[in-house]
Amino acid sequence: MFVFAIGEIKEQWKKYLLIGLLVLCVMAVILIVLYINGTKMPRSATCDELGEFYLQVQDGSQEIEFLKQFGLEVDETSLVSDEVVIPSFFNETYTKYNRLQKKIGLDLSNYKGVTAKRNIYKLNNYDKNGNDCYVTLLIYNECVIGGHIGTKEYGVDYSPLI
């Protein structure tokens, strides 16, 4: 009788293992679907001054077109590109910078912890007191997530894209 029970447990064990593996596979599929749906990038944003504007940019020419929505003309040859990490926790500077983004319908708090591409162009039709001005775009997954107008001095006198 004892030998029979051990054999029966071994058979049951295989069945439970198979059920457990199936449950894990289903959970993995559900998590993957939720992750993919949760990372969809917005196609557009809205602000009072401009209304709805598109955000998707796949290359430099589309970045130029994006900036034209705001009446900005840039020197295409002046592009400087690097990467920046959006901090996971916003200090006072990033909180202030995010308020600037919210003026044009963007919100960097949705991108905390991600590495974004930062593209900087010299503006042709904009200056501050005779100083050259630059426009900075923050791009993540081919979508503009932030931007500002300023001089070359970091953190000094940023203006929204509008």
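Where is the place of Lys 103 in this chain? Lys 103 sits in the loop between helix 3 and strand 4. Helix 3 covers residues 92–102, and strand 4 covers residues 115–128. Keep in mind that this is a predicted model.

Let me give you the layout. The chain has 162 residues, and 31% of them are buried. There are 3 helices and 6 strands. Read from the N terminus, the order of elements is α-β-β-α-β-α-β-β-β. So much for the outline.

Back to Lys 103. Is Lys 103 buried or exposed? Lys 103 is exposed, because its relative accessible area is 54% and the cut-off for exposed is over 50%. Together with Lys 96, Arg 99 and Lys 102, Lys 103 forms a patch of positive charge on the surface.

Now to charges that pair up. Side chains of opposite charge can pair when their charged atoms come close. How many salt bridges does the structure hold? The structure holds 3. Let's take each in turn.

We start in helix 2. This helix spans residues 60–68, and Glu 65 is part of it. The side chain of Glu 65 makes a salt bridge with that of Lys 68, at 3.4 Å from N to O. Both residues lie in helix 2, 3 residues apart, which is about one turn of the helix. Glu 65 is partly exposed, at 40% relative accessible area. Lys 68 is partly exposed too, with 48% relative accessibility. One more distance for Glu 65.

Next, Asp 82 and Arg 118. Their side chains meet in a salt bridge, with 2.8 Å from N to O. Why does this pair tie together parts that are 36 residues apart in sequence? Because Asp 82 lies in strand 3, residues 74–85, while Arg 118 lies in strand 4. Asp 82 counts as partly exposed, at 32% relative accessibility. Arg 118 counts as partly exposed as well, at 22%.

Then comes Asp 132 with Lys 122. Their closest N and O atoms are 3.9 Å apart, and the pair forms a salt bridge. Asp 132 is in strand 5, residues 131–140, and Lys 122 is in strand 4, so this pair ties together parts that are 10 residues apart in sequence. Asp 132 is partly exposed, with 43% relative accessibility. Lys 122 is partly exposed, with a relative accessible area of 26%.

Let's turn to the cysteines. How many disulfides does the structure hold? The structure holds 0. Look at Cys 133. Cys 133 counts as buried, because its relative accessibility is 1% and buried means under 20%. Cys 143 also counts as buried, at 1% relative accessibility.

Here is the recap. Lys 103 is in the loop between helix 3 and strand 4, and Lys 103 belongs to a positive patch on the surface. Another, between Asp 82 and Arg 118, links strand 3 with strand 4. The pair of Asp 132 and Lys 122 links strand 5 with strand 4. As you look at the structure, find Lys 103 in its loop, then move on to Glu 65 in helix 2.

Key
Residues are numbered from 1 along each chain as its sequence is written. This is a predicted model: local features need pLDDT of at least 70, side-chain atom pairs count only at pLDDT 80 or more; totals for chains, interfaces and linings use all residues. Side-chain values use heavy atoms; hydrogens and water are left out. Patches are made of residues with over 30% relative accessible area and no salt bridge: like charges are joined within 9 Å, nonpolar side chains (Val, Leu, Ile, Met, Phe, Trp, Tyr) within 5 Å. Accessible areas come from the Shrake-Rupley method with a 1.4 Å probe; for residues, only the protein chains shown count as cover. A salt bridge is a side-chain nitrogen of Lys or Arg within 4 Å of a carboxyl oxygen of Asp or Glu. Lys and Arg count as positive and Asp and Glu as negative; His and the chain ends are not counted. The place of a charge is taken as NZ of Lys, CZ of Arg, CG of Asp or CD of Glu. Helices (H or I, at least four residues) and strands (E, at least two) are DSSP runs, numbered from the N terminus. Buried means under 20% relative accessible area, exposed over 50%, partly exposed in between (1.4 Å probe, protein chains only). A disulfide is a pair of cysteine sulfur atoms within 2.5 Å.
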